[in-house]
Amino acid sequence: MKALCKNKKVNTGIAIFALYLSFCAAGYLTFRGSYAAVMSELGITTTVVANYIVAFFIGGLVPTLLYELISRFLFRFSQARVGGSVDMLMFALRLFYIAANVVIFLIKLVYLWYPLAHIYGDIAIDFVITTIAFVGFLFYALRHVPKERIAPMLYQFGGSYIIVYGVLALIALMLEVL
C-alpha cells in the first residue's frame, strides 16, 4: 500500500476509474431493482440484460461523483490541519474505498439467494464495511502524519466521515423509500 501511494505506481485516473467500477459493483444489486421500478413506472419496457447493464454502469456514477467532489473539498480544507501534501492520503483513501466496495459487493451476492436480506443489508452492511475500511485508512494515515498533527487530523477526518456518511445514508434511505 505504501509503495502504491508514495510512488504513485497507479495513475490517479486509473484509481478513480477503479473506484467507479467498485461503486458500480457495490450498488448494482440494489440499483437494478430501483432502475426496473422506474422504467416500469414510466412505461418503458427494457430487457433484463439491458436493465442489468444500465443498472451496473449508472449505479456507480452518482456515488463516484459525490465521493470525488466531497473528498477533494475535505482534503483541501484539511490540508492545514494535516500539514503538508494530502495527495498521498487522498489516493490511499480511494484504495481503501475500492477494497470496501469489493467486499460489500461480495457480501451482497447473498441477495441473489435471499432477496429479503437487502432490507437490512443495505443499511447495515454498507455502514459496517465502509467504517472498517475508514478506520483502516485512519491507521494508515497515522503513520504518515507528523505526531503533533495526529489529533487535528483524527478530528477533521473522523468528524467529516460521520457527517458525510450520515448525509449519504439519509439520501440512500430516502431513495429506498421512494
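Start by selecting I129, which sits in helix α7, residues 118-142. Keep in mind as you look around that this is a predicted model. Is I129 buried or exposed? Its relative accessibility is 16%, and buried means under 20%, so I129 counts as buried.

Now show what surrounds I129. Leaving aside residues up to four places away in sequence, I129 touches A100, V103, I104 and I107. Pick V103 from that group: 26 residues separate I129 and V103 in sequence, yet their C-alpha atoms are 7.5 Å apart in space.

Next, move to helix α3 by selecting residues 48-59. This helix has 12 residues, and from its first C-alpha to its last it reaches 16 Å, close to the 16 Å expected at 1.5 Å a residue. Colour N51, A55 and G59, which are buried. Then turn the view to look down the axis of α3: the buried residues fall within an arc of 35°, so they line one face of the helix. Here is a handy rule: an α-helix has 3.6 residues a turn, so residues three or four places apart point the same way.

What covers those buried residues of α3? Select α2 (12-42) and α4 (61-77), which are included in the cover.

For the last stop, keep α3 and α4 on screen. How do they pack? The angle is about 5° and the axes lie 5 Å apart; α3 and α4 are therefore roughly parallel to each other. Zoom in on where they meet: F57, I58 and G59 in α3 come up against L61, V62 and P63 in α4. By class, this contact has 5 nonpolar residues, 1 polar residue and no charged ones.

Terms used. Residues numbered from 1 in each chain as written. Predicted model: local features only at pLDDT ≥ 70, side-chain atom pairs only at ≥ 80, totals over all residues. Heavy atoms only, no water. Helix = DSSP H or I, 4+ residues; strand = E, 2+ residues; numbered from the N terminus. Expected span 1.5 Å × (residues − 1). Buried < 20%, exposed > 50% of the residue type's maximum accessible area, 1.4 Å probe, protein only. Arc of directions from axis to C-beta. Contact = heavy atoms within 4.5 Å. Axes fitted to C-alpha atoms, helices over the stretch in contact; angles between N-to-C directions. Parallel < 35°, antiparallel > 145°, perpendicular 65-115°, else oblique. Nonpolar A, V, L, I, M, F, W, Y, C, P; charged D, E, K, R; others polar.
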